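Please find below a colleague's note on the model under review. The points are numbered so that each may be taken up separately.

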Amino acid sequence: DLERCLEEATDIEGFPKEKLDEATGVLEEIIQEETIAAAVSCLDQACFHRDVDELSLAIGRAKELKVGADVIQAAEASLNELLAEVARREAALRRLQQVVDMVPAEEESLQQLISDLQAALNEAYNAGGLVPECEMAAARLQELQAQLRMQVARKAMSEALNTHDVNIIQE
């Protein structure tokens, strides 16, 4: 509406140029304020969506438009927090994959591997967003625990056979 009125005023012969310049300045200020408000809204949405790329772009756009420093700082803090969260998740995933791929050699290392896998699994659960990887690791953990139970049972059976104690073997 304001733009249309401004166009009509320029067509009016004898309309004071100072008034047109002043109205044009007001219109530009309004457009700038609306653009800044839209940039702040984009920042809010990007913070809500927790998407690194979207948030980075929104911060860049807000800086270009000279959005308030406090708003930009808050968005940058959210971005830094999000980047740290992503880094924790990636580190947890790498550790989980590393432990899942390990092959135990003896009973002591099998127990250590189970312990390491439990710790890596807890870390991955706490990092969040790694459901398929955690499910795979949990299955591997059950497999290793079953393997340890078999090793302990074999060792106990072997010890019983070596002692030639029929009562121990029957238990």
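1. Basis of the note. This is a predicted model, in which local features need pLDDT of at least 70 and side-chain atom pairs count only at pLDDT 80 or more, while totals for chains, interfaces and linings use all residues. Residues are numbered from 1 along each chain as its sequence is written, and side-chain values use heavy atoms, with hydrogens and water left out.

2. Packing of α1 and α2. Helices are DSSP runs of H or I with at least four residues, numbered from the N terminus. Helix α1 covers residues 2-11, and its axis comes within 11 Å of that of α2, the two crossing at roughly 160 degrees. That angle makes α1 roughly antiparallel to α2. Here axes are lines fitted to C-alpha atoms, for helices over the stretch in contact, and angles run from 0 to 180 degrees between N-to-C directions. Angles under 35 degrees count as roughly parallel, over 145 as roughly antiparallel, 65 to 115 as roughly perpendicular and the rest as oblique. The crossing of α1 with α2 is left-handed; the term applies if the near helix is turned anticlockwise from the far one by less than a right angle.

3. Packing of α2 and α4. How do α2 and α4 run relative to each other, parallel or antiparallel? Their axes cross at roughly 20 degrees and come within 10 Å. This makes α2 roughly parallel to α4. The crossing of α2 and α4 is left-handed.

4. Salt bridge between Arg50 and Glu85. Six salt bridges are found in a search of the whole structure, a salt bridge being a side-chain nitrogen of Lys or Arg within 4 Å of a carboxyl oxygen of Asp or Glu. One of them joins the side chains of Arg50 and Glu85, at 2.5 Å from N to O. Arg50 is in the loop between α2 and α3 (52-64) and Glu85 in helix α4 (residues 69-100), so this pair ties together parts that are 35 residues apart in sequence. Arg50 is partly exposed at 36% relative accessibility, and Glu85 is also partly exposed, at 21%. The terms follow relative accessible area: buried means under 20%, exposed over 50%, and partly exposed in between (1.4 Å probe, protein chains only). A network of salt bridges links Arg50, Glu85 and Arg89.

5. Salt bridge between Lys63 and Glu76. The side chains of Lys63 and Glu76 form a salt bridge with an N to O distance of 2.7 Å. This pair links distant parts of the chain, with Lys63 in helix α3 and Glu76 in helix α4, 13 residues apart. Lys63 has a relative accessibility of 45% and counts as partly exposed; Glu76 is partly exposed at 25%.

6. Glu143 and Arg140 meet through their side chains in a salt bridge of 2.6 Å, N to O. Both residues lie in helix α6 (residues 131-163), three residues apart, which is about one turn of the helix. Is Arg140 buried or exposed? Arg140 is buried, with a relative accessible area of 13%, whereas Glu143 is partly exposed at 44%.

7. Lys66 lies in the loop between α3 and α4 and is exposed, with a relative accessible area of 69%.

8. Nonpolar surface patch. Leu2, Val26 and Ile30 make a nonpolar surface patch of about 220 Å². Patches are made of residues with over 30% relative accessible area and no salt bridge, with like charges joined within 9 Å and nonpolar side chains (Val, Leu, Ile, Met, Phe, Trp, Tyr) within 5 Å. Accessible areas come from the Shrake-Rupley method with a 1.4 Å probe, and for residues only the protein chains shown count as cover. Val26 is found in helix α2 (residues 17-49) and is partly exposed, with a relative accessible area of 40%.

9. Separation of Lys155 and Thr35. Lys155 is placed in helix α6 and is partly exposed at 43% relative accessible area. From C-alpha to C-alpha, Lys155 and Thr35 are 74 Å apart in space, and 120 residues apart in sequence.
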